[in-house]
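User: I am new to this structure and would like to learn how to read its features. Can we take them in turn?

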Amino acid sequence: MDEKPLYEGSFPVEGGNFDHAGEVSTNIKAILRQIGLSKEVIRKAALVAYESEINIVSYAKRGMIRLRVVPDSILIEAVDEGQGIPDIELAMQPGFSTASQKIREMGFGAGMGLCNIKNFSDVFHISSELGKGTHLKMVIKAKALQ
Amino acid sequence: MDLESVVKALNLKVRSGGDKLKTEIRGGYTGDLLSDVMANSGEGDVWITRQVHQNIVAVASLKEHAGIILVQGNEPANDTLEKAIKGGVPILVTELSAFEVTGRLYELIGKKAD
């Protein structure tokens, strides 16, 4: 990805604060719309950004969502400082969740977030270190962009 | 069919977004799990839920829903209402259950499509 980006930026996300959850994704969606990407691509990117944001809010102390848009793809990265994921394979299983009761009562923590991110991305990469944090890297192809 | 026709037909009470009722409805989605709604609902849908906390506004606006119907007499929390007013997201409330309001909405939209 050496092409000159159409957009590059990063957005801090505060862990544990549900009052502002979704604001970063809303912001990212507006940026993508302004660039003029197709509806389908924006729909995918908004979901990927939202689920990543909610994961940081739900499980990490703090984190960052990075957005990089080049003519043929969108790169979304979510990097957090948190507890990390002990077993990634298990975390990727639909329905598996370590969410607290409080988080579940709000309709989050259904064990769908990471699966959703993977399903809506063209490239998905996850790495995590216990006690340090988690790093998600997603690419969404946007060939329709002119 | 627009949102206003649904409000009238189902006797919904409008709590926010009263100026957005001319929005055309394309369909509906019923669910309380936000990830499910994010993945499976579509633009122009009416979202039927019993969740009342402020995060429903972000979901509805990211998904470009026509509006949210809160079921079983649930009222939006104060911060939910504030965000919905600010974001222009219609929140409608009903005493009906999710099952009943979904069925009636399906019937309404279905009849229109025939």
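Analyst: Start with contact: two residues are in contact if their C-beta atoms, placed from the backbone, lie within 7 Å. The model is predicted.

User: Which residues does A:Ala45 touch, leaving out those up to four places away in sequence?

Analyst: With those set aside, A:Ala45 touches A:Ile28, A:Leu32, A:Ile74, A:Ile76 and A:Ile140.

User: How many residues does each chain bring to the contact between chain A and chain B?

Analyst: Chain A brings 18 residues and chain B brings 14 residues. On the side of chain B that touches chain A, the elements giving two or more residues are α2 (34-40) and α3 (55-62) of chain B. Of the elements there, α2(B) gives the most, with five residues. Sorted by class, that side of chain B has six nonpolar, six polar and two charged residues.

User: How should I read the overall build of chain B?

Analyst: Begin with its elements: chain B has five helices and five strands. Along the sequence they follow the pattern α-β-β-α-β-α-β-α-β-α. The radius of gyration of chain B is 12 Å, close to the 13 Å that the globule rule gives for 114 residues, so chain B is as compact as a globular protein of that length. Its C-alpha trace spans about 40 × 25 × 25 Å along the principal axes. As for burial, 42% of the 114 residues of chain B count as buried. Among contacts in chain B between residues at least 6 apart in sequence, 49% join residues at least 24 apart.

User: How do α3(B) and α4(B) lie against one another, parallel or antiparallel?

Analyst: Look at the crossing angle; angles under 35 degrees count as roughly parallel. The axes of α3(B) and helix α4 (residues 78-87) of chain B cross at roughly 25° and come within 8 Å. Therefore α3(B) is roughly parallel to α4(B). In this contact, α3(B) supplies B:Ile56, B:Val57 and B:Ser61, while α4(B) supplies B:Thr80, B:Lys83, B:Ala84 and B:Gly87. By class, the contact has three nonpolar, three polar and one charged residues.

User: What should I look for in the backbone angles?

Analyst: Most residues other than glycine have a negative phi. B:Asn11 is not a glycine, yet has a positive phi of about 55°. B:Gln72, also a residue other than glycine, has a positive phi near 55°.

User: Where do B:Asn11 and B:Gln72 lie?

Analyst: B:Asn11 sits in the loop between α1 (3-9) and β1 (13-16) of chain B. B:Gln72 sits in the loop between β4 (67-70) and α4 of chain B. B:Asn11 counts as exposed because it has 9 C-beta neighbours inside 10 Å. B:Gln72 has 13 C-beta neighbours inside 10 Å, so it counts as partly exposed.

User: Is A:Pro86 buried or exposed?

Analyst: A:Pro86 has 10 C-beta neighbours inside 10 Å, so it counts as exposed. This residue is in the loop between β3 (73-82) and α3 (88-91) of chain A.

Notes:
Residues numbered from 1 in each chain as written. Chains lettered and ligands numbered in written order. Predicted model: local features only at pLDDT ≥ 70, side-chain atom pairs only at ≥ 80, totals over all residues. Helix = DSSP H or I, 4+ residues; strand = E, 2+ residues; numbered from the N terminus. Nonpolar A, V, L, I, M, F, W, Y, C, P; charged D, E, K, R; others polar. Rg over C-alpha atoms; globule rule 2.2 N^0.38 Å. Buried ≥ 20, exposed ≤ 12 C-beta atoms within 10 Å, placed from the backbone. Axes fitted to C-alpha atoms, helices over the stretch in contact; angles between N-to-C directions. Parallel < 35°, antiparallel > 145°, perpendicular 65-115°, else oblique.
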